[in-house]
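Open the model in a viewer and keep the selection tool at hand. The stops below can be taken in order.

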Amino acid sequence: MFKARKQEGIELHGDIWKHIQPGEVVLEARGITKRYPGGVLANDHIDFKIRAGEIHAILGENGAGKTTLMSILFGLLQPDEGEIYVRGLPVRFRSPEDAIKMGIGMVHQHRKLVPAHTVMENILLGHPRSRGVIDVKTAEEEVVAIAERYGFKIDPRARVWQLTEGEKQVVEIVKALYRGAKILILDEPTSALTPVETERLLESIETMTQDALGVVPFITHKLPMVLAISDEVTILRRGRVVDRLPTAEATEQILAERMVGRPVIFTLQKPPHEPGQPVLQVEGLSARNNKGVLALKNVSFTVREGEILGIAGVAGNGQHELAETLFGLRPAESGRVQFLGQDVTHAPILDRWKMGMGYTPAERTEVGSIGDFSLVENVAMNYYFDERYNRAGFLDYGGLRQLTEQIIEEFDVATPGPDVKIQTLSGGNLQKVIMGRVLSREPKLVIANLPAQGLDVGATEFVQRKLLEARARDAAVILISEDLDEILALSDWIAPMYEGEIVKLLPAAAAKKEVVGAMIAGVYKENEP
Amino acid sequence: MLAFFIRSLEAAMIFTFAGLGELVDQRSGILNVGLEGIMLFGATLGFIAAQETESYLIGFLVGIGIGALLGLLHGFFSITLGVDQVVSGMGVWIFGFGMTTYIGSSHTGPLGMERLPTWFGISPFFFLSVVLVVLVWFVLNRTGWGLNIRSVGEQPSVAEVSGLKVARIRYLCVIFGGMMAGFAGAVYGLYYNPVWNYNFLMGWGFISLALVFFSMWNPYLLLGGAVLFGLLWQVSLNPQMFFPGLASRYIWRMVPFAMTILVLILISSKWFRSRWGATTPEALGKPYHKE
């Protein structure tokens, strides 16, 4: 089978996509099963069909088998059982190359682009046109033509590291289309986009389906997006298809319940709460990013006791630098940070912990935890300096173990026990441990950097509730998030950031989603209504 | 004086051969610090083969062949087994150092063959090295193979999902690097210094390695750096001739390394990075495993 396909090569790919009718089944998966070593059944006899011109959303929490299924469809993994049919023809993908040749394109959530290369070089990588000496001029014309056809703007000569997340995604989509993709798999397509960019993407996807392309977005938690664009939804839970329904019959509530397997509370209870004394006062703070460019520009704000300040923005607009500078991980270029009336602009991190600051980093596996250490040891990293657990330099392991057990209990962490390595935990449970060890210190200020990013519906809800609990016991919270709904639901004040500046501080009660969305996209104008 | 410059250019061409191979190797993400060992092997086995068969051609072919084999060995350790590339490279060097001493000691002495011809006093190998520099630059920057090599050295996972075979590309590059180093060694042993002696390469492999970093992975800068390093080496042979009383030859021999360190400091500076972005191949020295 493999041999035959190899001989026929690319011609086969051209032939198979001829004379396609709208509504025809273009991709079919039958009984896809994948078992990982250790017996975990990631995909359990999954069936689904994609029709030409259809947008077919696949919905599932983290760990539902979404990534495995996607990797199988793109040839990164081989299924143990089951078949894939492209236009009725059985295929076996042994590598992404095979899948690409059959007209399957994938747009990855974590962008698969070489930052040091130009846009054009990234698009050409792996393309038949890049054999031998590259005719850049012709290729550039072809790429620009494809981009324009679907309403994308693209600068073929820009370097990828200079692009925004939205622009990078466009590059990936154009790359897949230029390779001749007829079925486009999109992994969390809107998770890093501004509302404006999202809208533009959805329009482009509409155009694509008119060309009899199948589009398959895989989505974890952006349910409104599923409802907005898809024609049909397949819901996965624990490696199985639990439901399949036309989007017209679905509501957000139904989708969430099927996905999680229990009713989900959508509107968080944010009780009114009187703010107290100022906890953190920031004046004119500026800082540079890792490339040495000024990424945080002259930012000022105040957070009071029992108040949540939501920092909204698309990745790379200075929020990350803000979080790190506030916690002392990044030197401030200029400006002043006062914590409980004391100047802490240049204070060491250890002093900040002792004074009652707490930080939950966005990079949970790189900065937030040490994978090879146990839960107890990871909890100790926020407690080793604490007099209750450190007696003349000796750690009280018994006490720390007890503390860890309390955190496991209170934060509902699914783990065999406090002594396992923390890398064995799922993303959601890892974040619960990290939140737990910070919040259990009862800090006066919590800086939560993307606390719910990439978590499933259940864990997201939990983390958000815990932040509200911290607010209720008069802690000041700085919530950094790329999810506008989350910002709007939790914050008392909203600070939309664009290109390193806070566009405008807004009281949450008066903030509209469209306005905040325009602000973080850099298209807000003061005088417009 | 003319002889001095010609000698410098001849040293430069050998640095260029070895450096070009290593440059391609590193652009694909594989660091081979065992260059000295491969060059020693190429020089010694090339020397012996030429002496035994009285054929220069066979001497060079043997040098290239053993280079390819050692490149393959380093590739097996660093690509297939995924061991630390510095450790594997050091192993190649120590292996080359010991084995060539053992194999070559009975051949100590001059090659005893007619010298290779020159053009206007300059070795044709110099012109070959210039041609290769242009060729490597062109392949790396204007062709699909070059794009594939650079991509594999920057983000192998990206190359993988674009349908490339990362391991195969890296193997080809590491073998090419070995062949070039073996050839450079053979040119050294058969042309530049055709008198076999214990460790007669005197660290030229390490100079070539330093040259790659000095060049910031650009073939043209590599050629310029090679000429500069060649001049410095000649000065170090007889410093009294140029700068009487100014530092010993051993200090002069350090200069290429000191300059390389300065370049490394420069390219890792904030100023340089914000101006030029990343220059170092991102995945250099990192083993790649499929997801």
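Why does the distance between the end C-alpha atoms of helix 5 (residues 136–149) of chain A agree with what its 14 residues should span? The model is a predicted one. Select helix 5 of chain A: at 1.5 Å a residue, its 14 residues should span 20 Å, and because the end C-alpha atoms are 20 Å apart, the two agree. The expected span counts one less than the number of residues.

Now show the largest nonpolar core, which has 232 residues. The residues with the most contacts inside this core are A:Leu184, A:Ile185, A:Leu479 and B:Met39. Colour helix 8 (residues 166–192) of chain B, which gives the core its largest share, 17 residues. In chain A, domain 1 (1–102 + 215–258) and domain 2 (277–352 + 477–529) each supply at least three residues to this core.

Centre on A:Leu184. Leaving out residues up to four places away in sequence, A:Leu184 touches A:Gly105, A:Val107, A:Ala176, A:Met208, A:Leu213, A:Val215 and A:Val216.

Finally, show chain B by itself. Its secondary structure consists of 13 helices and two strands. The C-alpha atoms of chain B fill a box of roughly 55 × 45 × 35 Å along the principal axes. A compact globule of 291 residues would have a radius of gyration near 19 Å, and chain B has 19 Å, so the two agree. Of the 291 residues in chain B, 50% are buried. Among contacts in chain B between residues at least 6 apart in sequence, those joining residues at least 24 apart make up 80%.

Notes:
Residues numbered from 1 in each chain as written. Chains lettered and ligands numbered in written order. Predicted model: local features only at pLDDT ≥ 70, side-chain atom pairs only at ≥ 80, totals over all residues. Core = buried A, V, L, I, M, F, W, Y, C linked by C-beta atoms within 7 Å. Buried ≥ 20, exposed ≤ 12 C-beta atoms within 10 Å, placed from the backbone. Helix = DSSP H or I, 4+ residues; strand = E, 2+ residues; numbered from the N terminus. Domains from an automatic or database assignment. Contact = placed C-beta atoms within 7 Å. Rg over C-alpha atoms; globule rule 2.2 N^0.38 Å.
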